[in-house]
There are 2 protein chains.
Amino acid sequence: MGFWKTWFSTSESVTTSKTTSFEEQTAASVGDSPNSVSEASSKEARIVFSTERDLDLYELEELCDAVGWSRRPLRKVKKAIEHSFLVASMWQVRGNQRRLIGFARATSDHAFNATIWDVVVHPDFQSKGLGKALMKYVLKKLRSEEISNVTLFADPHVVDFYRSMGFMSDPEGIKGMFWYPH
Amino acid sequence: MGFWKTWFSTSESVTTSKTTSFEEQTAASVGDSPNSVSEASSKEARIVFSTERDLDLYELEELCDAVGWSRRPLRKVKKAIEHSFLVASMWQVRGNQRRLIGFARATSDHAFNATIWDVVVHPDFQSKGLGKALMKYVLKKLRSEEISNVTLFADPHVVDFYRSMGFMSDPEGIKGMFWYPH
Ligand SMILES: CC(C)(COP(=O)(O)OP(=O)(O)OC[C@H]1O[C@@H](n2cnc3c(N)ncnc32)[C@H](O)[C@@H]1OP(=O)(O)O)[C@@H](O)C(=O)NCCC(=O)NCCS
Ligand SMILES: CC(C)(COP(=O)(O)OP(=O)(O)OC[C@H]1O[C@@H](n2cnc3c(N)ncnc32)[C@H](O)[C@@H]1OP(=O)(O)O)[C@@H](O)C(=O)NCCC(=O)NCCS
């Protein structure tokens with residue numbers, strides 16, 4: 001996992017639409033470490049995190065397609081992004097080009113609970129520690145807002161991924177439950 | 001469970017502060033059924049449901065105290081109510097007096113997911129079908145907003161309560177997971 005070395009920096013403020021609680025535009029960069037075996041370092045490929053909500057929904061759809069998620073109406077995706085407490089995106093930046101390679105969002109009451117949804121890393125970038133870096137970024141943001149209880153619903157194949165980050169399943173017998181309209 | 005008979009009626013619009021998606025003030029009444037063995041029907045005790053957010057926080061604290069929940073700062077409770085997608089309360093109404101006897105709220109992205117928190121019925125009113133009626137009211141409201149996935153985290157002793165309403169635990173192996181700041 002030493003391929004990507006994480007450090008944090010704050011980028012210029014970016015005008016974000018529909019931003020509620022994260023007015024400031026903080027970005028964390030994960031770049032090539034000096035001694036990494038990456039592409040030519042002259043290319044300066046960097047990984048940048050953002051809470052900007054002004055995403056290209058087609059680019060997001062492409063990312064979700066890449067991991068095989070079923071399509072959702074863009075109108076509803078737009079609404080969900082507007083009404084999420086936190087929208088986190090991860091970008092590969094090379095010169096003035098950027099590519100969306102990761103995404104996660106959280107709903108919240110802004111006080112006690114947050115629930116993380118739609119965590120995804122593009123297959124080309126998986127298993128490099130970037131999913132963990134994205135989740136760390138999300139947790140850092142939620143913690144900075146005094147949220148004391150961060151929850152999520154994990155598909156069976158990613159329970160261990162979240163467990164490795166300190167998430168516990170069914171603590172004290174608490175059960176995640178679902179209801180679908182009928 | 002035949003003690004309370006449920007029917008729905010729409011009350012006058014009530015000015016609500018900080019209402020986001022539930023502008024209309026809909027109330028559902030659960031009153032004594034004509035053939036119930038209730039208190040003198042001249043007293044006209046009714047159960048009323050509301051999505052009004054303008055709650056007396058001390059009254060809400062009293063309700064939560066009654067079921068032994070640990071106290072939470074009222075400042076944060078206020079914020080959580082403001083930023084919940086749905087706030088449902090249940091009242092016993094007798095003449096022009098009303099008493100808060102039940103509460104539930106939900107966070108949501110207003111599009112796909114809602115998560116129900118803080119479901120409570122006052123001990124004096126438990127085991128009469130009112131918890132179920134309150135949950136039905138909440139689900140009806142969420143369904144009317146096109147939410148397709150309603151979730152919650154159930155304490156072990158209430159898993160069966162939610163199951164009786166059609167909630168499933170760990171469907172297809174999906175696990176509810178928690179992370180606490182450290
Ligand atoms: C799940 C996902 C976000 C993980 O991202 P990633 O960048 O591949 O993960 P990382 O490289 O940061 O892995 C972090 C740790 O979790 C482990 N891990 C990664 N994916 C895992 C998986 N599917 N199951 C178990 N462990 C996993 C890694 O081994 C690593 O452990 P380590 O740090 O001890 O070596 C990514 O695989 C993905 O987008 N999957 C498809 C979409 C999806 O299923 N999302 C979750 C929906 S609930
Ligand atoms: C859980 C709670 C909201 C239920 O409200 P209630 O008004 O007592 O429930 P109802 O009378 O509507 O019961 C509905 C059904 O669930 C069952 N039920 C009620 N409480 C139950 C419990 N604790 N465990 C299992 N089943 C339960 C009833 O038997 C009934 O089943 P039936 O319709 O098949 O007869 C209430 O007991 C309460 O506030 N408890 C304390 C707070 C709490 O624990 N909240 C949940 C946090 S996750």
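This is a predicted model: local features need pLDDT of at least 70, side-chain atom pairs count only at pLDDT 80 or more; totals for chains, interfaces and linings use all residues.
User: How many residues surround ligand 1?
Analyst: A residue belongs here if one of its heavy atoms lies within 4 Å of the ligand. The closest are A:Val121, A:Ser127, A:Gly129, A:Gly131 and A:Lys132. The shell has 10 nonpolar, six polar and four charged residues, where Ala, Val, Leu, Ile, Met, Phe, Trp, Tyr, Cys and Pro count as nonpolar, Asp, Glu, Lys and Arg as charged, and the others, Gly among them, as polar. The number surrounding ligand 1 is 20.

User: Which residue has a backbone N or O atom 2.9 Å from a nitrogen atom of ligand 1?
Analyst: Let's look at pairs of N or O atoms within 3.5 Å, the cut-off for a polar contact. Backbone N or O atoms of A:Gly129 and of A:Gly131 each lie 2.7 Å from an oxygen atom of ligand 1. The residue facing a nitrogen atom of ligand 1 at 2.9 Å is A:Val119.

User: What percentage of ligand 2 does the protein bury?
Analyst: Good one to ask after the contacts themselves. An oxygen atom of ligand 2 is 2.7 Å from a polar backbone atom of B:Lys132, and a nitrogen atom of ligand 2 is 2.9 Å from a polar backbone atom of B:His157. Taken alone, ligand 2 exposes 910 Å², by the Shrake-Rupley method with a 1.4 Å probe, and the buried part of that is 74%.

User: Which elements give two or more residues to the shell around ligand 2?
Analyst: A backbone N or O atom of B:Lys128 lies 3.2 Å from an oxygen atom of ligand 2, and B:Val121 and B:Lys132 are among the closest of the surrounding residues. Elements are DSSP runs numbered from the N terminus, with helices (H or I) of at least four residues and strands (E) of at least two. In chain B, those asked for are β6 (113-121), α3 (130-144) and α4 (159-163).

User: Are α1(B) and α2(B) roughly parallel or roughly perpendicular to each other?
Analyst: Helix α1 (residues 57-66) and helix α2 (residues 74-82) of chain B pack at an angle of about 100°, with axes 11 Å apart; axes are lines fitted to C-alpha atoms over the stretch in contact, and angles run from 0 to 180 degrees between N-to-C directions. Angles under 35 degrees count as roughly parallel, over 145 as roughly antiparallel, 65 to 115 as roughly perpendicular and the rest as oblique. Therefore α1(B) and α2(B) are roughly perpendicular.

User: Which residues of α2(A) make the contact with α1(A)?
Analyst: In chain A, α1 (residues 57-66) and α2 (residues 74-82) pack at about 100°. Contact means heavy atoms within 4.5 Å, and α1(A) brings A:Leu57, A:Tyr58, A:Leu60 and A:Glu61. The contact residues divide into six nonpolar, no polar and two charged. From α2(A) come A:Leu74, A:Val77, A:Lys78 and A:Ile81.

Note on methods. Residues are numbered from 1 along each chain as its sequence is written. Chains are lettered from A and ligands numbered from 1 in the order in which they are written. Side-chain values use heavy atoms; hydrogens and water are left out. A polar contact is a pair of N or O atoms within 3.5 Å; within protein, one must be able to donate a hydrogen and the other to accept it, and residues adjacent in sequence count only if both atoms are side-chain atoms.
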